[in-house]
Amino acid sequence: TFSDGTPVPIAKEVVYLGSILSNTHNHRKEVAKRKAAAMATWKRLDIFWKKANCPPKFKLIVLDAVVRSKLVYGLDCIQIPEAALNSLNAFQLKGIRNILGITPTFINRANTNQTVFEQATEVRYGDRNRAEQTDLQMRSFSQYLHQKQADILGHVIRADATDPMRTVSL
């Protein structure tokens, strides 16, 4: 209560640092909000995707840098179910197919998601993989999120025992 005795209002949900915090932990709403914002960014770049005179490799880099950051920023701190992760991956695949001009699987059964990632990897890292004899791979958004979550867990585990983040997490 406040000092005058009136109760503090309890909100069902609030926006904090760009994320929706709610008493029901509605991850679907958070993911839908992120996808809508990322789609708006994608549409703002529509002229770039269609008319820019630059190689598909650069467009894939822009997809990763701009759209992925808009979509997954802050999602590494919440537990997202597999269905929502698949939705994020489908969003990414739609963008890759658009950039590379690959038809959807329902039109051409040979264009599976794995094939799309392999073609995107070849476009994005092909020359570098051959020159440096590395095996760089185009990662899905869900793989990226899992890696970020593992990085945060490693940071928490390595933290000093008095670190508030470690105290709260462990």
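Predicted model: local features only at pLDDT ≥ 70, side-chain atom pairs only at ≥ 80, totals over all residues.
In which helix does Arg68 lie? Arg68 belongs to helix α3, which runs over residues 56-72.

The secondary structure of the chain consists of seven helices and two strands. Followed along the sequence, these elements give the pattern β-β-α-α-α-α-α-α-α. The radius of gyration is 20 Å, well over the 15 Å that the globule rule gives for 170 residues, so the chain is more spread out than a compact globule. The extent of the C-alpha trace can also be given along its principal axes, where the chain spans about 65 × 35 × 30 Å.

Of its 170 residues, 32% count as buried. The chain exposes about 11300 Å², and carbon and sulfur atoms supply 57% of that area. Among contacts with a separation of 6 or more, 49% come from residues 24 or more positions apart.

The interior comes next. In soluble globular proteins, nonpolar side chains tend to be buried together. In this model, the largest nonpolar core has 28 residues, and the residues with the most contacts inside this core are Trp49, Leu63, Leu88 and Ile96. The elements that give two or more residues to the core are α1 (27-44), α2 (46-51), α3, α4 (82-100), α5 and α6 (141-158). Helix α4 gives the most, with seven residues. The surroundings of Trp49 can be followed in detail: leaving aside residues up to four places away in sequence, Trp49 touches Trp42, Lys59, Val62, Leu63, Val67 and Ile99. Leu63, one of these neighbours of Trp49, is also among the residues with the most contacts inside the core.

Leu63 leads back to Arg68. Apart from residues up to four places away in sequence, Arg68 touches Leu63, Tyr73, Phe141 and Tyr144. Is Arg68 buried or exposed? Arg68 counts as buried because its relative accessible area, 17%, is under the 20% cut-off. Arg68 also takes part in a network of salt bridges that links it with Asp64 and Arg124.

How many salt bridges does a search of the whole structure find? The search finds six. Two others join residues of one helix. In the first, Lys50 pairs with Asp46, and the closest N and O atoms are 3.4 Å apart. Lys50 and Asp46 are separated by about one helical turn because they are four residues apart in helix α2. Lys50 is exposed, with a relative accessible area of 60%. In the second, Glu132 pairs with Arg128, and here the closest N and O atoms are 3.5 Å apart. Glu132 and Arg128 are likewise separated by about one helical turn, being four residues apart in helix α5. Glu132 is partly exposed, at 47% relative accessibility, and Arg128 is partly exposed as well, at 42%.

Helix α5 also holds Ala131, whose place is within residues 113-132. Ala131 counts as exposed because its relative accessible area of 65% is over the 50% cut-off.

Leu21 is found in strand β2, which covers residues 19-22. With 43% relative accessibility, Leu21 counts as partly exposed.

Notes: Residues numbered from 1 in each chain as written. Heavy atoms only, no water. Buried < 20%, exposed > 50% of the residue type's maximum accessible area, 1.4 Å probe, protein only. Contact = heavy atoms within 4.5 Å. Core = buried A, V, L, I, M, F, W, Y, C linked by side-chain atoms within 4.5 Å. Salt bridge = Lys/Arg side-chain N within 4 Å of Asp/Glu carboxyl O. Rg over C-alpha atoms; globule rule 2.2 N^0.38 Å. Areas by Shrake-Rupley, 256 points an atom, 1.4 Å probe, with all protein chains shown as cover.
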